Amino acid sequence: ICEKGFFCSGGRKFICPKGTYGWSIGASKVEDCYPCDAGSYCPSRNPHSQITSSSHQMDCGAPHLFCPKGSSQPTDVQIGHYSIGGGGPTKRTSELLCEKGYWCANGE
């Protein structure tokens with residue numbers, strides 16, 4: 001039986017792809033690996049590590065970072081932009097251009 005973060009097919013075990021996670025035991029196809037939610041990221045698991053990062057989602061991290069749906073790593077907010085969405089400073093989902101007359105730094 002395949003463990004969380006993997007899917008098994010034809011007698012072989014495969015890691016869920018970057019930007020996806022496998023939360024269930026016994027996955028049998030790549031479609032059983034779900035896109036990471038916006039505001040979170042899902043790095044690919046290192047098969048030689050004990051870390052099972054492909055079995056769960058990780059918060060994007062901070063206001064200067066954002067993670068659209070299916071992210072494999074956080075994206076830095078561009079200079080002159082600020083981060084939005086996600087319901088909190090560690091789960092931002094997008095960025096917007098700073099409005100005229102305002103100063104935006106570090107995603108805020």
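Q: What makes the link of Cys16 and Cys33 left-handed?
A: The torsion about its S-S bond is -70°, and the link is left-handed with that value. The two cysteines lie in distant parts of the chain, 17 residues apart: Cys16 belongs to the loop between β2 and β3 (20-21), and Cys33 to the loop between β3 and β4 (34-35).

Q: How do you know that a disulfide joins Cys16 to Cys33?
A: A disulfide is defined as a pair of cysteine sulfur atoms within 2.5 Å. The S to S distance here is 2.1 Å, and the pair is accordingly joined. This is a predicted model, in which local features need pLDDT of at least 70 and side-chain atom pairs count only at pLDDT 80 or more, while totals for chains, interfaces and linings use all residues. Residues are numbered from 1 along each chain as its sequence is written, and side-chain values use heavy atoms, with hydrogens and water left out.

Q: Why is Cys16 called buried?
A: Buried means under 20% relative accessible area, exposed means over 50%, and partly exposed lies in between (1.4 Å probe, protein chains only). Cys16 has 1% relative accessibility and therefore counts as buried.

Q: Why is the disulfide of Cys2 and Cys8 called right-handed?
A: The torsion about the S-S bond is about 85°, so this disulfide is right-handed. The sulfur atoms of Cys2 and Cys8 are 1.8 Å apart.

Q: Which accessibility classes do Cys2 and Cys8 receive?
A: Cys2 counts as buried because its relative accessibility is 3%. Cys8 has a relative accessible area of 27% and is therefore partly exposed.

Q: What makes β1 and β2 a pair of strands?
A: Strands are DSSP runs of E with at least two residues, numbered from the N terminus, and two strands pair if DSSP finds at least two bridges between them. Strand β1 (residues 6-9) and strand β2 (residues 12-15) share four bridges and pair in the antiparallel sense. Cys8 stands opposite Lys13 in β2. Two residues lie between the strands of this hairpin, in which Gly10 takes a positive phi near 60°.

Q: How do you know that Cys36 and Cys42 are joined, and what is the handedness of their link?
A: Their S to S distance is 2.2 Å, and a disulfide joins them. With 80° about the S-S bond, the link is right-handed. Cys36 is buried because its relative accessible area is 0%, and Cys42 counts as buried because its relative accessibility is 0%.
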